[in-house]
Every structure is written in structure tokens, then in C-alpha cells.
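The following note sets out points to check against the sequence and the model. Please read each point with the structure in view.

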Amino acid sequence: MAYSRFSLEGRVALVTGARRGIGKGIALGLAEAEADVAVCDLVVQSGELRSVARSIRDLGRRSLALKCDVARKSQVDRMVERVENRLGPIDILVNNAGVESIHGMLDTTEDEWHRVLNADLTSCFFCAQAVGKSMVQRRQGSIINIASGAGIRGFAGRNTYNVAKAGVIMLTKVLARDWARYNVRVNAIAPTIVRTDMMAAWDEELIAAEAARIPLKRLAEVSDLVGPALFLASDAAAYITGDTLLVDGGQLT
Ligand SMILES: NC(=O)c1ccc[n+]([C@@H]2O[C@H](COP(=O)([O-])OP(=O)(O)OC[C@H]3O[C@@H](n4cnc5c(N)ncnc54)[C@H](O)[C@@H]3O)[C@@H](O)[C@H]2O)c1
């Protein structure tokens, strides 16, 4: 490793919503940087999550794949206990799990409002609280919340998602303030449009139109999120906390 403060050797990480997309990319990146990585997801029947854990082991790191609905506190507490028993105390938490929601204000039902806030925001609180207990005790930890450009700028038709992601950015700030005295750093990453399954419904015309509006003239790939996450996880970012790092090709600048 050219600059040793980027190394994650010997660290234990947990990535939520890691069976595919951004979570999978970050989990594999953490393993390449020599962390042991536990992965969880709500969906496990497809075998994708187990395959991510296998790829992590193929990189020579320890891994664990667990089914967990991160919107449910009891499941989160059980999962964190299992990870810590098997891999040791968690040094890095990546709160990545989330759901999209495309509804106008008048079409958003009570159930949809709660579904999105629970999956995108409350989940980050439950996971941070569960993992934070031992981080605070050990005076060491880095939490990375995957927010969104939608938490900074309002986008029509995505109201619940916008509100949830704005909440993630504020949760990042209050946790950072609360836990800075224990050397636990909390930061967020805000991507705008990343090419993942979450946007499977988009046609190529819409993708091209969006890309044209972005200063760097392309949508983000999952790989564009990995470096920023590794940086925030590592000691290279030791003096950064409470920040939201935009990964947006210049779109919100
Ligand atoms: N793709 C984008 O353009 C984009 C842009 C900005 C932010 N984000 C955020 O990045 C994160 C990952 O997005 P992605 O595009 O990789 O999406 P994705 O749908 O490919 O992956 C999300 C994963 O989270 C899991 N998940 C959902 N609810 C869960 C729950 N309650 N418990 C456990 N797992 C759950 C899903 O099963 C899925 O595997 C999300 O938080 C999303 O809001 C994505």
C-alpha cells in the first residue's frame, strides 16, 4: 500500500443491503482494502448475498452473509451480535440499504410514507445505534451513511425519498457531534444517479437525457462510489466527521 493510512487491514466492516448495486461494490472494495466484511440484505433467496460473501472470501478475507430487515430493530440487534461474535467488534458500518419511491404528494399513501422512511432513514439509526455501542466503548469507528443528492435538492415525484435522505444527512451530523468525543466518525455520501438495478425502469432515452445535464456528461457507475467510501472508512479521513461527500459528477454544484 503506497500510503498506509488508506489501509483497512485488520478492520471489521458491516455493509447493509449488499446483495447487489452500490452495497455489493463497497463490500468488495472494503475486502480489497483488506477488511473482513459482513454483508446483510432483506433478500437472500436469490443467492446473490451468499455469492458476495464468497467473493470476499476469495479475496482472502473473512465474511458472513446474514438475512436482516434493517428497518426492524430486533433483527438489527440480533444481526450485529452475530457479526461481532463471529468476526469481532465492528470498526466500519456502511448504511447502504434503501428503497426508491416514485409518487406524487397526493398519491403517497400512509403505508408508503412509513415504508420509505423506515427503510431509508430509521434503518440507519437502528444500525448506527447497535454498532455504535461497541464503537463508543472502544473509542474507534467509522460510520458511512449512503444518502442521496435527493436529500439536498427536492425532486418532484420523489417526496418521501427526498425527506428520508435529508433525514439521513441530518442524522449524520447529529451522530457525528454526539460521538466525536469517542473518536467515532460519522459521514455520508450523496450520489445523484448511479447505474444500478434501482433504476431498472429507466429507458435509455431518459438515461441519455439525464447524462446530458451532468457536467461530467455521464451517470455514476458503482465503482465511482467505492473510492469515496474507502477513504471515509480509513484513517486518511481521521479529521473528517459530520460531512456529506457529494459524488455527483458536478450536478449539484
Ligand atoms: N442508484 C442510485 O442512483 C442512487 C442514487 C443515490 C442514492 N442511492 C442510494 O444508494 C443505496 C443503494 O442503492 P442501489 O442503487 O445500490 O439500490 P439496490 O436496490 O440495487 O440495492 C439496495 C439493496 O438494499 C436492500 N434493502 C432494501 N430494503 C432493505 C431492508 N429493509 N433491509 C435490508 N436490506 C434492504 C435491497 O434488497 C437491495 O439489495 C440506497 O440507499 C439508495 O437510496 C442510490
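1. Order of elements. From the N terminus on, the chain runs β-α-β-α-β-α-β-α-β-α-β-α-α-β, and its elements amount to seven helices and seven strands. Helices (H or I, at least four residues) and strands (E, at least two) are DSSP runs, numbered from the N terminus.

2. Basis of the model. This is a predicted model, in which local features need pLDDT of at least 70, side-chain atom pairs count only at pLDDT 80 or more, and totals for chains, interfaces and linings use all residues. Residues are numbered from 1 along each chain as its sequence is written, and side-chain values use heavy atoms, with hydrogens and water left out.

3. Overall form. Along the principal axes, the C-alpha atoms fill a box of roughly 45 × 40 × 40 Å. Of the 253 residues, 52% count as buried; buried means under 20% relative accessible area, exposed over 50%, and partly exposed in between (1.4 Å probe, protein chains only).

4. The largest nonpolar core. A nonpolar core is a set of buried Ala, Val, Leu, Ile, Met, Phe, Trp, Tyr and Cys residues joined through side-chain atoms within 4.5 Å. The largest one has 35 residues, of which Leu14 and Val83 touch the most other members. Helix 4 supplies the largest share of this core, eight residues. In soluble globular proteins, nonpolar side chains tend to be buried together.

5. Asp235 pairs with Arg11, the closest N and O atoms being 2.9 Å apart. These two are 224 residues apart, with Asp235 in the loop between helix 7 and strand 7 and Arg11 in the segment before strand 1. Arg11 counts as buried, at 16% relative accessibility, whereas Asp235 is partly exposed at 33%.

6. A second pair. Which residue does Asp91 meet in a salt bridge? The partner of Asp91 is Arg138, at 3.0 Å, N to O. Asp91 lies in the loop between helix 3 and strand 4 and Arg138 in helix 4, so the pair ties together parts 47 residues apart in sequence. Asp91 is buried at 5% relative accessibility, while Arg138 is partly exposed at 33%.

7. A nonpolar surface patch. Met105, Leu106, Trp113 and Val163 form a nonpolar patch on the surface, with about 460 Å² of accessible area together. Met105 is in the loop between strand 4 (92-95) and helix 4 (110-138) and is exposed, at 56% relative accessible area. Patches are made of residues with over 30% relative accessible area and no salt bridge, like charges being joined within 9 Å and nonpolar side chains (Val, Leu, Ile, Met, Phe, Trp, Tyr) within 5 Å. Accessible areas come from the Shrake-Rupley method with a 1.4 Å probe; for residues, only the protein chains shown count as cover.

Notes. A salt bridge is a side-chain nitrogen of Lys or Arg within 4 Å of a carboxyl oxygen of Asp or Glu.
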